[in-house]
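Subject: Structure handover

Hi,

Here is the structure I promised to pass on. Have a look through it first, and then read my notes below.

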Amino acid sequence: MDIITAQDADYENYRHVYTARGNPSTVFLPNTAQEVSFALSTARADGRPFAIRSGGHGISSVSTNDGGLVIDLRRLNSVVRLGPQTVAVGPGARWEQVARSLHPWGLALSSGDSGDVGVGGLATTGGIGLLGRAHGLTIDHLRAAEVVTADGTIRHIDADQDPDLFWAVRGAGANVGIVTSFVFDARPVPGVVQATLFFGIQDAAGFLHTWGEIVEAAPRELSAFLYIAAGDAVQAQATIVVADTDEEAGRQMLGPFLSMPGLVQQIVRSTPYFEALVTTGEPHAGQQTAKSHNGLIDHLSGDLSGALAQHLKEPAIDVVMIRSVGGAINDLAASATAYAHRHQNFSVMSVSMTGGNAFDLAWNPIHERMDGMYLSFETGHLDRHVTEAFPPETLARLREIKRRWDPDGVFNQNFNVAV
Ligand SMILES: Cc1cc2nc3c(=O)[nH]c(=O)nc-3n(C[C@H](O)[C@H](O)[C@H](O)COP(=O)(O)OP(=O)(O)OC[C@H]3O[C@@H](n4cnc5c(N)ncnc54)[C@H](O)[C@@H]3O)c2cc1C
């Protein structure tokens, strides 16, 4: 296994992540689960803080550190077809790579909107994606996993083998182990219809209210992400994906969106799913320093839409993102996975380049209207985030599982459920 330190010429390629610059003393680059286990035992014996890294795109910025160790899984990045619809994916693969690999097999897995994001971070927390209403969360497709637990043992888990650990991995994976391989059931997706719409918005509250109603009424083949630039002149871009290759059928589903007020430009195309993801391939240099808060909600009701319209006027706010959840995501019971939010229709995320108190204060009126949150969209590190991400029954079960599988609290870096 290669081990990178500050003395190595290419240290620069391994020290930073997308959202943070770092100065780790040692970066392990394991090639196998056995080497991950060795790296973990070494890190435990060393005693300094250590981080787990897959794609290095974690919004919570915990996949690098200063002076500690990093277990970087980028070399575990294979995508292998195991059966007609079954694929084994390494945590270090990026989602664009996964989507490209699956496309020739006529398959796809819903991930997020970014092709740069790594498999490990997203597939252990949820995966709110552009095929989400059609197919569910990414974790809903997980059939088995290979995990290195705190004692260094490599375990193969599924619904029958260590089912409690398998349940915890699907939503709180970072708390219970290091996933070294994911086995997913992918879905047949020869292509999608993708619409990119641009809006100039006069009445933000009215727009959001209507947007919410249209999304909720849309057939579940359709998932819709809205990115709203804050300011006096509110502008928005929407990415809408219909899990259907028939452009005509897709256009019909898009109809209500195309009639919304303020539409200034539309691009509708049939495309492979991988083309719908935004991928830059940029090296990581801590370039994204924005702060974000987020929550989940059933409806963009008049009251919330009004609060969001006000929020968009706050100087500290730069972008608000509203991603559809609902549809197939809500087919599972809240108790089915450690991600328990199975009734909401929207994820609301607010982004601030400046952050600080002004951002936190501006978020308060939105926060008090939210019903749960998604850990992967949060830059804050407060204890309440754990209780908002995991409802009481889920958190109690998670804590019990954590006590059993990680009694020494080794995996305490990323929204530790033990606190
Ligand atoms: C531009 C951008 C767009 C995004 N869009 C979406 C979206 O549409 N939908 C969505 O759901 N999310 C989205 N995200 C959030 C993304 O899913 C998370 O930030 C995710 O954690 C990134 O995964 P990673 O492997 O790249 O992260 P890393 O930074 O490598 O890891 C983050 C943390 O996750 C844990 N972790 C990582 N790998 C493993 C593993 N193998 N086993 C156990 N724990 C592990 C560790 O605690 C690690 O420190 C987006 C993020 C960005 C930056």
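Two strands pair here if DSSP finds at least two bridges between them, and strands (E, at least two residues) and helices (H or I, at least four) are DSSP runs numbered from the N terminus. By that count, E16 and strand E18 (residues 346-352) run antiparallel and are joined by seven bridges. One example is Asn294, whose bridge partner in E18 is Met349.

Please keep in mind that this is a predicted model, where local features need pLDDT of at least 70, side-chain atom pairs count only at pLDDT 80 or more, and totals for chains, interfaces and linings use all residues. Residues are numbered from 1 along each chain as its sequence is written, and side-chain values use heavy atoms, leaving out hydrogens and water.

E16 and E18 belong to an open, antiparallel sheet of seven strands, in the order E15-E12-E14-E13-E17-E18-E16. Strand E15 (263-271) and strand E16 (291-297) are at the edges with a single partner strand each, so one side of each has no neighbour in the sheet.

Now for the ligand. Among the polar contacts (N or O atoms within 3.5 Å), a polar backbone atom of Ser54 is 2.7 Å from a ligand oxygen, and a backbone N or O atom of His57 lies 2.9 Å from an oxygen atom of the ligand.

Enjoy exploring!

Definitions and conventions. Polar contact = N/O pair within 3.5 Å; in protein donor to acceptor, adjacent residues only side chain to side chain.
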